[in-house]
Amino acid sequence: MTTIEEENPNQVQAVEDILPHNLTILPLLQRPVFPGMPIPIAFTGKDKVSVLKKAMEQDDGYIGLVLAKEIDEEDYTESELYEVGTTFQIMRLIPIAPDTMQVLGQGINRFKRKKTILVKPQIRWEVDHQASPKVKPDQELRAYMMAISGEIKELLKINPLFQEQVNMVVSQLNYDAPSMTMDIISNLLSSSAEELQELLETFDLHERAKMLVGLIKQDLEIAKIQKRISTQIEEKVSAQQKEFFLREQLKAIKKELGIEKEDNESEAEKLEKKLGELELTDEAEKVVEQELEKLRTLNAQSPEFNVTRNYLEIIADLPWGKFTDDNHNIKKARKILDQEHFGLDEVKERILEFLSTIIRRGKVAGSIICLVGPPGVGKTSIGKSIAHALGRKFYRFSVGGMRDEAEIKGHRRTYIGAMPGKLIQALRRVEAANPVIMLDEIDKIGSSFRGDPASALLEVLDPEQNSTFVDHYLDLAFDLSNVLFVTTANQLDTIPGPLLDRMEIIRLAGYILEEKIQIAKQYLVPKQLEETGFSPSEITFTTGALKKIVEDYAREAGVRNLEKQIRKIIRKVNLKMAENGTTTFKVKKEDVESFLGKAVYNTEKLYNRDTPGVALGLAYTSIGGATLYIEATAIRSKGPGFKQTGQLGDVMRESSEIAYSYVRGLLSEDKEYAKFFDEHFVHLHVPAGATPKDGPSAGITMSLALYSLATGRIVRDKLAMTGEITLTGKVLPIGGVKEKTIAARRVGITHLILPIDNKKDFDELPDHIKKGINVHYADYFKDVLKVAFEK
């Protein structure tokens, strides 16, 4: 091996003379090689291995190593290379794998490409060797070398990765041979390939020293950050290990003194004590004993240990034989219902009947209550009031949208993360075996490939079966017969028949204007004032203001939207008071529009002029009663025709066809109008075309609209009607009389036509709902005509 001694110019010259000027070039992938230090390099590929062997045989082991800008993996001769590389002398070739050769050698000096002699099958360049400067270093260069020495010693303290090599370099630092010293140090840096290549291409020693100091400082900063991160991790791990060892020692000491037992023994004893205080069934006692025995034999670190412990903890948390005392004072129950809800006298009466039966019998078997009504009428709050009146704990969960049967009956313990169903969880939380459990939105329960939750509820809500309800997770029978189940729904159509059959239906109709005003005064306004931090004397609402809010902004059957509007007004009043510095404010009728904007509901008639072919019907929807205009028009044509629009469902479309056939047959006996339908194409439309509509109860309304159109007679003002019609003109009964009557009152209807078979339903309505409405009963359509065109 030949070394370069910069102190002896003659020797350097001699070495320069023996270096070949034509070199075989091999590309480097990761970083360039610097002269002066023996290093191992691995090359892969048959072509590269062949080049290395040929260099040993023909070129005295000399090759040129150049960093690649862009490497071509398939053919290295196509790679894009830098112009400056290092003359490398191979000392030894060591095969380490097929087509892979490890080369041990040393960089001799830098070279610069003069021209390319050959590219295929190997790269050969004519190069210009760059000899190291032969002058003695000046003071500036010496200062740089001292700075490099200081930085490299600092790096050695922090990062001992290259300790042996750096120690060697530091011990042989020679300020009189700066080029060699800088090259050896450069080989140890972890800088990027581009930065190291730039350092290799810097021939001026002052510039090279300046750049090297910067790169060493950069490595030093990275090393400091790495050390800081490493120290933090070590401290954390050490603290955890220390705590673990101390805990294990403490556990061993306690065990020797008899203070503490093994984890599995202590857990088993705790659970056994807790379970011993419960009134378990014979089946449950047998299972618990088996599981406790298993827990004692399991290792505390075993996954099965946690599964068994969790299972026993859930059993221990359930209220086996724990009951709350029922309130047996029916007068107190009535008082609670009256305090918490305004109106709803019929509903309260039905609930009190149920409660009195429960109090008399001492159990709730056979009592499943289903509260049905539009949104916002107080179904959920009535459920809470039932629990309050009975003195029981209350738990509510929504089954709306539920698609997995396991939500009701739990998961089997074979699954990871298994847990009991909602009912067992509810009992675990309320810590009593006789709570009131509300299943909200039961009409919106779903089904999927995971199962049918509605079918799972059949067992839960069946008084004959729920005394031995088996949850999949528990796999034990638990008595649910003491639970009072209350369900809520907006409509009954979507509830499966077998499930509906198990429940007692209590209907909650919407509220009329007067009821809403009283509810606002007694409940909604005080509640919102309290939530916003006002006393009742600071913000007050006049009756006129509340009436305007109800009529123009909150005509829905419930009071949820009314509460939103009151909340909105209080927020705006709060801002106004803060800006004006006032302490009290009275909301008057004339203030409402400035707070809530233009009225949402128009109190004027939809038709501002009398038009033949228009009649007003009544509908019952999931959000309560509603009014429904039906209009008909005729287009002269050569033949008859009939068309319906307005998103009508199949039943309503059939009802319209029955109405058309009946009216056409009725008028065929009248000479004046007998040919009307033969000469006109009739179009029947139900406005609000974006809203789907269905049901048979608009039969007489559609018939009247068609009769009015054909005869040109105008239907009397403020008249609404509902009833199904047959092909013979018979008027059949309908449902939702209360809701439809409330909807009629809401829009100022004074005359109402109902089927004669619904007379008993109307007679049962409270007087304040019937007040101001003249009801007419129709047995056949001709009875409708007598009322409809009466002046």
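## Basis of the report

Contact here means heavy atoms within 4.5 Å. The model is predicted, so local features need pLDDT of at least 70 and side-chain atom pairs count only at pLDDT 80 or more, while totals for chains, interfaces and linings use all residues. Residues are numbered from 1 along each chain as its sequence is written, and side-chain values use heavy atoms, with hydrogens and water left out.

G613 sits in the loop between α21 (592-596) and β17 (614-621); helices (H or I, at least four residues) and strands (E, at least two) are DSSP runs, numbered from the N terminus. With a relative accessibility of 0%, G613 counts as buried (under 20% relative accessible area; exposed is over 50% and partly exposed in between, with a 1.4 Å probe and protein chains only). Apart from neighbours within four places in sequence, G613 is in contact with I630, E631, A632, A705, S708 and L709.

S703 belongs to helix α24 (residues 699-711) and is also buried, its relative accessible area being 0%. Its contacts, again leaving aside neighbours within four places in sequence, are A659, V663, I725 and F781. G613 and S703 are 90 residues apart along the chain, and their C-alpha atoms are separated by 9.7 Å.

## Aromatic pairs

The whole structure holds 11 aromatic pairs. Rings of Phe, Tyr and Trp (its six-membered ring) pair if their centres lie within 6.5 Å; planes under 30 degrees apart count as stacked, over 60 as edge-to-face and the rest as tilted. F111 and W125 have ring centres 6.4 Å apart and planes at 85 degrees, so this pair is edge-to-face. F111 is in strand β6 (residues 100-118) and W125 in strand β7 (residues 123-130), and the pair links these distant parts of the chain, 14 residues apart. F111 is buried at 0% relative accessibility, and W125 is buried at 5%.

Y662 and F781 form another edge-to-face pair, 5.6 Å centre to centre with 85 degrees between the planes. Because Y662 lies in helix α22 (residues 650-667) and F781 in helix α28 (residues 781-788), the pair ties together parts 119 residues apart in sequence. Both residues, Y662 and F781, are buried. Elsewhere, ring pairs join F642, Y660, F676 and F677 into a cluster.

## Second largest pocket

The second largest pocket has a volume of about 640 Å³. On a 1 Å grid over the protein atoms alone, a pocket is an open set of points where a 1.4 Å probe fits, with protein on both sides within 12 Å along at least five of seven lines; lining residues have an atom within 4 Å of a point. Grid points are joined across faces, edges and corners, and the volume is the space filled by probe spheres set on the points.

The lining of this pocket consists of 23 residues, with G376, V377, G378, S381 and V559 nearest its centre. At least two lining residues come from each of α13 (379-390), α18 (513-531) and α20 (560-580). Domain 4 (330-507) and domain 5 (513-596) each supply at least three.

## Backbone features

The peptide bond from K120 to P121 is cis, with omega near 0 degrees. P121 is in the loop between β6 and β7.

E431, not a glycine, has a positive phi of about 60 degrees. E431 is in the loop between α15 (422-430) and β10 (436-440) and is exposed at 52% relative accessibility. D475, also not a glycine, has a positive phi of about 55 degrees; D475 lies in the loop between β11 (469-470) and β12 (477-478) and is exposed, with a relative accessible area of 52%.

Key
Domain bounds come from an automatic or database domain assignment.
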